[in-house]
Amino acid sequence: MGRMSKESEPAGELPAYAERVLDVAELIPRGRVMTYGDVAEWLEEGGPRQVGRVMALYGGAVPWWRVVRADGHLLPGHELRALDHYREESTPLREASRAAEGHLPRLDMRRARWDGRAGTEAHN
C-alpha cells in the first residue's frame, strides 16, 4: 500500500512518528476502532493530540475512520464519509437521539474499540 502516492500528502519522507501512527491505523481490523489516545498508548509515544495531527496531515492514505475520538462522535467535517465506511464494515454504532444535532449516530465505543491484540476477533 503506497502512502507516498497520495496527492494530499506533502512530498518527501514521512516523519518517523507519522509512519508509526499510520502503521497502527492499518492494523486496526474492519469494523473496529482505536482512539487517538489508544494509538499513542500502543506506540508508547506521543499523545492523542500528536496522533490527531498525524491523522489530519497524512491519514488519507490509511483507514482514517478507524482512528477516532474517545467520545464516539464522528469526525467533524467527515461524518458522512466515515458513516459510509462504518456501515460498510458493520462497525457498532449507537443511534442518535432525536435531540442530537444532525441526528448522526455515534460509535458504540464499548463494542467497537479494538485493544490492539493480535487476531481480529468478531464483535457481537
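**View 1. Tryptophan 64 and tryptophan 65 are both buried.** Buried means under 20% relative accessible area, exposed over 50% and partly exposed in between, with a 1.4 Å probe and protein chains only. The model is predicted: local features need pLDDT of at least 70, side-chain atom pairs count only at pLDDT 80 or more, and totals for chains, interfaces and linings use all residues. Residues are numbered from 1 along each chain as its sequence is written, and side-chain values use heavy atoms, without hydrogens and water. The structure holds one aromatic pair. The ring centres of tryptophan 64 and tryptophan 65 are 5.6 Å apart and the planes stand at 85 degrees, so the pair is edge-to-face (centres within 6.5 Å, the six-membered ring being used for Trp; planes under 30 degrees apart are stacked, over 60 edge-to-face, the rest tilted).

**View 2. Helix H3 (residues 48-58) has buried residues along one face.** Val51, Val54, Met55 and Tyr58 are buried in H3. Down the axis of H3, these buried residues fall within an arc of 95 degrees, so they line one face of the helix; the arc is taken from the directions from the helix axis to the C-beta atoms. Helices (H or I, at least four residues) and strands (E, at least two) are DSSP runs, numbered from the N terminus.

**View 3. The other side of H3 has exposed residues, and the buried residues have a cover.** Arg49, Arg53 and Ala56 are exposed on that other side. The cover of the buried residues includes helix H1 (16-27), helix H2 (36-43) and strand S2 (67-68), where contact means heavy atoms within 4.5 Å.
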